[in-house]
Amino acid sequence: MEKPSEKPTPDLEASPSPEMRKESTITRRWKQDLSPNHADLVCLLLCFLTGLCDSSAYNAWSCFLGMQTGNTIFLGLGASNQPTTKPWGWLKSLASILAFFSGAMIFSISMRTVGSLRRGTLFVSFLVQTALIIIAVAIIQADLIPHTSKDMSLDSGPLFLELIPIALLAFQSAGGMTCSRALGYNEIPTVVLTSVYFDIASDAKLLQKPTENAKRNRRIGGVVCLLIGAIVGGWLSRSSGGMESALWMAAGLKLIAAFGWLFWKAK
(Lines give C-alpha, C1' and ligand atoms only; values in the text may rest on other atoms or scores of the structure.)
Protein backbone atom coordinates (compact mmCIF):
# COMPACT_ATOMS: atom_id res chain seq x y z
CA MET A 1 0.00 0.00 0.00
CA GLU A 2 1.45 3.31 -1.03
CA LYS A 3 1.93 6.03 1.51
CA PRO A 4 0.15 9.28 0.76
CA SER A 5 2.48 11.80 -0.77
CA GLU A 6 3.62 14.39 1.70
CA LYS A 7 3.12 17.96 0.60
CA PRO A 8 6.16 20.13 1.19
CA THR A 9 5.65 22.57 4.02
CA PRO A 10 6.02 26.18 2.99
CA ASP A 11 9.31 27.79 3.93
CA LEU A 12 8.29 30.60 6.23
CA GLU A 13 11.72 32.19 6.07
CA ALA A 14 11.59 32.41 2.28
CA SER A 15 8.49 34.60 2.36
CA PRO A 16 8.98 37.34 4.92
CA SER A 17 5.95 38.98 6.44
CA PRO A 18 4.82 42.43 5.29
CA GLU A 19 6.16 43.83 8.57
CA MET A 20 9.59 42.38 7.90
CA ARG A 21 9.60 43.67 4.32
CA LYS A 22 8.58 47.12 5.55
CA GLU A 23 11.33 47.10 8.17
CA SER A 24 13.86 46.02 5.57
CA THR A 25 12.79 48.85 3.26
CA ILE A 26 13.10 51.44 6.05
CA THR A 27 16.52 50.10 7.02
CA ARG A 28 17.75 50.25 3.42
CA ARG A 29 16.43 53.78 3.04
CA TRP A 30 18.07 54.83 6.33
CA LYS A 31 21.44 53.56 5.11
CA GLN A 32 21.24 55.07 1.63
CA ASP A 33 23.99 57.46 0.55
CA LEU A 34 22.43 60.73 -0.54
CA SER A 35 23.20 62.63 -3.70
CA PRO A 36 25.16 65.84 -3.06
CA ASN A 37 23.38 67.50 -5.99
CA HIS A 38 21.76 70.76 -4.86
CA ALA A 39 23.01 70.18 -1.30
CA ASP A 40 24.92 73.44 -1.71
CA LEU A 41 21.60 75.09 -0.86
CA VAL A 42 21.78 73.51 2.58
CA CYS A 43 25.35 74.80 2.96
CA LEU A 44 24.15 78.30 2.08
CA LEU A 45 21.49 77.93 4.76
CA LEU A 46 24.26 77.07 7.23
CA CYS A 47 26.06 80.27 6.24
CA PHE A 48 22.90 82.22 7.03
CA LEU A 49 22.64 80.50 10.41
CA THR A 50 26.27 81.31 11.22
CA GLY A 51 25.62 85.00 10.60
CA LEU A 52 22.38 84.81 12.57
CA CYS A 53 23.91 83.16 15.65
CA ASP A 54 27.29 84.90 15.61
CA SER A 55 25.84 88.41 15.40
CA SER A 56 23.55 87.65 18.32
CA ALA A 57 26.33 86.07 20.38
CA TYR A 58 28.78 88.88 19.75
CA ASN A 59 26.16 91.44 20.71
CA ALA A 60 25.57 89.66 24.02
CA TRP A 61 28.88 88.06 24.96
CA SER A 62 31.52 89.72 22.74
CA CYS A 63 32.63 86.41 21.27
CA PHE A 64 31.83 84.28 18.23
CA LEU A 65 30.31 80.82 17.98
CA GLY A 66 31.46 79.78 14.51
CA MET A 67 34.11 82.25 13.33
CA GLN A 68 37.04 81.16 15.46
CA THR A 69 39.57 83.53 13.87
CA GLY A 70 38.02 86.43 15.77
CA ASN A 71 37.99 84.38 18.97
CA THR A 72 41.69 83.62 18.55
CA ILE A 73 42.42 87.36 18.34
CA PHE A 74 40.32 88.01 21.45
CA LEU A 75 42.19 85.20 23.22
CA GLY A 76 45.50 86.81 22.27
CA LEU A 77 44.33 90.20 23.55
CA GLY A 78 43.53 88.58 26.89
CA ALA A 79 47.26 88.00 27.45
CA SER A 80 47.64 91.77 27.86
CA ASN A 81 44.40 92.12 29.84
CA GLN A 82 42.56 93.76 26.97
CA PRO A 83 39.97 95.02 26.43
CA THR A 84 39.98 96.46 29.93
CA THR A 85 36.18 96.72 29.96
CA LYS A 86 35.84 92.94 29.49
CA PRO A 87 38.57 91.29 31.58
CA TRP A 88 37.09 87.80 31.12
CA GLY A 89 36.36 88.08 27.42
CA TRP A 90 39.29 85.82 26.59
CA LEU A 91 37.74 83.01 28.62
CA LYS A 92 34.57 83.07 26.55
CA SER A 93 36.60 82.99 23.35
CA LEU A 94 38.66 80.09 24.69
CA ALA A 95 35.52 78.17 25.63
CA SER A 96 34.12 78.71 22.13
CA ILE A 97 37.36 77.58 20.46
CA LEU A 98 37.63 74.42 22.57
CA ALA A 99 33.96 73.54 22.07
CA PHE A 100 34.23 74.08 18.30
CA PHE A 101 37.40 71.98 18.15
CA SER A 102 35.74 69.19 20.16
CA GLY A 103 32.64 69.34 18.00
CA ALA A 104 34.68 69.11 14.81
CA MET A 105 36.48 66.01 16.11
CA ILE A 106 33.39 64.24 17.43
CA PHE A 107 31.13 64.98 14.46
CA SER A 108 33.87 64.07 11.95
CA ILE A 109 34.80 60.78 13.62
CA SER A 110 31.16 59.79 14.16
CA MET A 111 30.09 60.59 10.62
CA ARG A 112 33.08 58.84 9.04
CA THR A 113 32.44 55.75 11.16
CA VAL A 114 28.82 55.26 10.12
CA GLY A 115 29.03 56.86 6.65
CA SER A 116 29.13 60.60 6.13
CA LEU A 117 26.57 60.78 3.32
CA ARG A 118 24.05 58.32 4.70
CA ARG A 119 20.52 59.57 5.08
CA GLY A 120 20.41 58.55 8.73
CA THR A 121 23.78 60.11 9.46
CA LEU A 122 22.86 63.55 8.12
CA PHE A 123 19.44 63.42 9.76
CA VAL A 124 20.83 62.55 13.19
CA SER A 125 23.65 65.08 12.85
CA PHE A 126 21.25 67.94 12.15
CA LEU A 127 18.89 66.68 14.84
CA VAL A 128 21.71 66.79 17.42
CA GLN A 129 22.67 70.29 16.29
CA THR A 130 19.06 71.40 16.68
CA ALA A 131 18.84 69.86 20.16
CA LEU A 132 21.97 71.69 21.30
CA ILE A 133 20.58 75.02 20.10
CA ILE A 134 17.29 74.35 21.88
CA ILE A 135 19.07 73.50 25.15
CA ALA A 136 21.16 76.67 24.90
CA VAL A 137 18.23 78.95 24.11
CA ALA A 138 16.14 77.33 26.85
CA ILE A 139 18.82 78.23 29.39
CA ILE A 140 18.85 81.78 28.07
CA GLN A 141 15.04 81.98 27.95
CA ALA A 142 14.91 80.99 31.61
CA ASP A 143 17.00 84.10 32.34
CA LEU A 144 19.60 82.05 34.18
CA ILE A 145 22.57 83.80 32.58
CA PRO A 146 23.45 87.28 31.29
CA HIS A 147 22.62 87.56 27.61
CA THR A 148 22.13 91.23 26.77
CA SER A 149 24.52 94.13 26.42
CA LYS A 150 22.71 95.81 29.31
CA ASP A 151 23.53 93.07 31.81
CA MET A 152 25.91 94.59 34.34
CA SER A 153 27.42 91.26 35.33
CA LEU A 154 28.30 90.15 31.79
CA ASP A 155 31.96 89.53 32.63
CA SER A 156 31.65 88.86 36.31
CA GLY A 157 30.26 86.24 38.61
CA PRO A 158 31.95 83.18 40.08
CA LEU A 159 30.24 80.58 37.87
CA PHE A 160 30.51 82.16 34.40
CA LEU A 161 27.25 80.50 33.44
CA GLU A 162 27.29 82.12 30.01
CA LEU A 163 30.07 79.69 29.06
CA ILE A 164 27.48 76.89 28.96
CA PRO A 165 25.40 78.16 26.00
CA ILE A 166 28.54 79.46 24.29
CA ALA A 167 30.05 75.97 24.39
CA LEU A 168 26.83 74.28 23.24
CA LEU A 169 26.35 76.66 20.32
CA ALA A 170 29.99 76.54 19.21
CA PHE A 171 29.92 72.72 19.39
CA GLN A 172 26.90 72.47 17.12
CA SER A 173 28.37 75.03 14.73
CA ALA A 174 31.22 72.62 14.09
CA GLY A 175 28.64 69.98 13.16
CA GLY A 176 27.31 72.18 10.38
CA MET A 177 30.76 72.69 8.91
CA THR A 178 31.46 68.95 9.12
CA CYS A 179 28.35 68.27 7.03
CA SER A 180 29.32 70.83 4.39
CA ARG A 181 32.74 69.19 4.04
CA ALA A 182 31.18 65.72 3.86
CA LEU A 183 28.92 66.92 1.05
CA GLY A 184 31.99 68.08 -0.88
CA TYR A 185 31.33 71.81 -0.98
CA ASN A 186 34.64 73.01 0.44
CA GLU A 187 34.17 76.37 -1.27
CA ILE A 188 31.37 77.06 1.25
CA PRO A 189 33.07 76.66 4.65
CA THR A 190 29.90 78.03 6.39
CA VAL A 191 31.78 79.64 9.31
CA VAL A 192 34.56 81.78 7.83
CA LEU A 193 34.82 84.25 4.95
CA THR A 194 38.45 85.40 4.73
CA SER A 195 39.50 82.56 2.44
CA VAL A 196 36.23 82.91 0.52
CA TYR A 197 36.88 86.60 -0.16
CA PHE A 198 40.35 85.71 -1.42
CA ASP A 199 39.07 82.88 -3.61
CA ILE A 200 36.47 85.16 -5.18
CA ALA A 201 38.95 87.97 -5.85
CA SER A 202 41.66 85.66 -7.23
CA ASP A 203 39.33 83.56 -9.39
CA ALA A 204 40.61 83.67 -12.97
CA LYS A 205 37.06 82.98 -14.14
CA LEU A 206 35.47 85.63 -11.94
CA LEU A 207 33.68 87.41 -14.79
CA GLN A 208 32.33 84.34 -16.53
CA LYS A 209 28.61 83.77 -16.94
CA PRO A 210 26.73 82.41 -13.89
CA THR A 211 26.16 79.10 -15.68
CA GLU A 212 29.92 78.62 -16.27
CA ASN A 213 31.37 79.07 -12.77
CA ALA A 214 29.37 77.26 -10.10
CA LYS A 215 32.07 77.50 -7.41
CA ARG A 216 32.23 81.28 -7.74
CA ASN A 217 28.45 81.42 -7.47
CA ARG A 218 28.49 79.36 -4.28
CA ARG A 219 31.23 81.49 -2.72
CA ILE A 220 29.36 84.71 -3.44
CA GLY A 221 26.16 83.09 -2.21
CA GLY A 222 27.89 82.11 1.03
CA VAL A 223 29.06 85.69 1.64
CA VAL A 224 25.59 87.10 0.93
CA CYS A 225 23.81 84.53 3.11
CA LEU A 226 26.15 85.06 6.06
CA LEU A 227 25.78 88.84 5.75
CA ILE A 228 22.00 88.60 5.60
CA GLY A 229 22.05 86.30 8.63
CA ALA A 230 24.14 88.81 10.56
CA ILE A 231 21.74 91.62 9.65
CA VAL A 232 18.71 89.57 10.69
CA GLY A 233 20.42 88.50 13.92
CA GLY A 234 21.26 92.11 14.75
CA TRP A 235 17.70 93.30 14.26
CA LEU A 236 16.28 90.38 16.21
CA SER A 237 18.66 91.16 19.09
CA ARG A 238 17.21 94.68 19.19
CA SER A 239 13.65 93.38 19.13
CA SER A 240 11.54 92.48 22.16
CA GLY A 241 12.40 88.83 21.58
CA GLY A 242 16.13 89.51 22.01
CA MET A 243 18.80 87.02 21.00
CA GLU A 244 16.47 84.20 21.97
CA SER A 245 14.34 84.86 18.88
CA ALA A 246 17.42 84.54 16.65
CA LEU A 247 18.40 81.25 18.25
CA TRP A 248 14.86 79.86 18.04
CA MET A 249 14.87 80.72 14.34
CA ALA A 250 18.19 78.89 13.95
CA ALA A 251 16.81 75.84 15.75
CA GLY A 252 13.67 75.81 13.60
CA LEU A 253 15.58 76.06 10.33
CA LYS A 254 18.01 73.30 11.33
CA LEU A 255 15.12 71.08 12.32
CA ILE A 256 13.51 71.63 8.91
CA ALA A 257 16.85 70.78 7.26
CA ALA A 258 17.13 67.62 9.38
CA PHE A 259 13.77 66.29 8.18
CA GLY A 260 14.62 67.43 4.67
CA TRP A 261 17.35 64.78 4.54
CA LEU A 262 14.71 62.07 5.03
CA PHE A 263 13.22 62.99 1.64
CA TRP A 264 16.46 63.83 -0.17
CA LYS A 265 17.25 61.98 -3.37
CA ALA A 266 19.60 59.04 -2.98
CA LYS A 267 22.63 58.44 -5.18
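Student: Where is S62 found in this predicted model?

Tutor: S62 is found in the loop between α2 and α3.

Student: Why is S62 called buried?

Tutor: Buried means under 20% relative accessible area. S62 has a relative accessible area of 18%, and therefore S62 is buried.

Student: What makes the phi of S62 worth a remark?

Tutor: Most residues other than glycine have a negative phi. S62 is not a glycine, yet its phi is positive, at about 60 degrees.

Student: How do you know whether H38 is buried or exposed?

Tutor: Exposed means over 50% relative accessible area. The value for H38 is 58%, so H38 is exposed.

Student: What makes the peptide bond between Q82 and P83 a point of interest?

Tutor: Most peptide bonds are trans. The bond that joins Q82 and P83 is cis, with omega at about -10 degrees. P83 has its place in the loop between α3 and α4.

Student: How do you know that the reach of α4 is close to the expected value?

Tutor: Helix α4 has 26 residues, and the distance from its first C-alpha to its last is 38 Å. The expected span, at 1.5 Å a residue, is 38 Å, and the helix is close to that value. Just after α4, G115 takes a positive phi of about 110 degrees.

Student: Which elements do the buried residues of α4 pack against?

Tutor: They pack against α2, α3 (68-78), α5 (119-141) and α6 (163-182). Among the buried residues of α4 are L91, F100, G103 and F107.

Student: Why is F101 called exposed?

Tutor: F101 lies in helix α4 (residues 89-114). Its relative accessible area is 56%, and the cut-off is over 50%, so F101 is exposed. F101 also forms a nonpolar surface patch with M105, I106 and I109, and together they have about 410 Å² of accessible area.

Student: Why does S55 count as buried?

Tutor: S55 lies in helix α2 (residues 40-61). Its relative accessibility is 18%, which is under 20%, and therefore S55 counts as buried.

Key. Residues numbered from 1 in each chain as written. Predicted model: local features only at pLDDT ≥ 70, side-chain atom pairs only at ≥ 80, totals over all residues. Heavy atoms only, no water. Patch = residues over 30% accessible without salt bridge, like charges linked within 9 Å, V, L, I, M, F, W, Y side chains within 5 Å. Areas by Shrake-Rupley, 256 points an atom, 1.4 Å probe, with all protein chains shown as cover. Salt bridge = Lys/Arg side-chain N within 4 Å of Asp/Glu carboxyl O. Helix = DSSP H or I, 4+ residues; strand = E, 2+ residues; numbered from the N terminus. Buried < 20%, exposed > 50% of the residue type's maximum accessible area, 1.4 Å probe, protein only. Expected span 1.5 Å × (residues − 1). Contact = heavy atoms within 4.5 Å.
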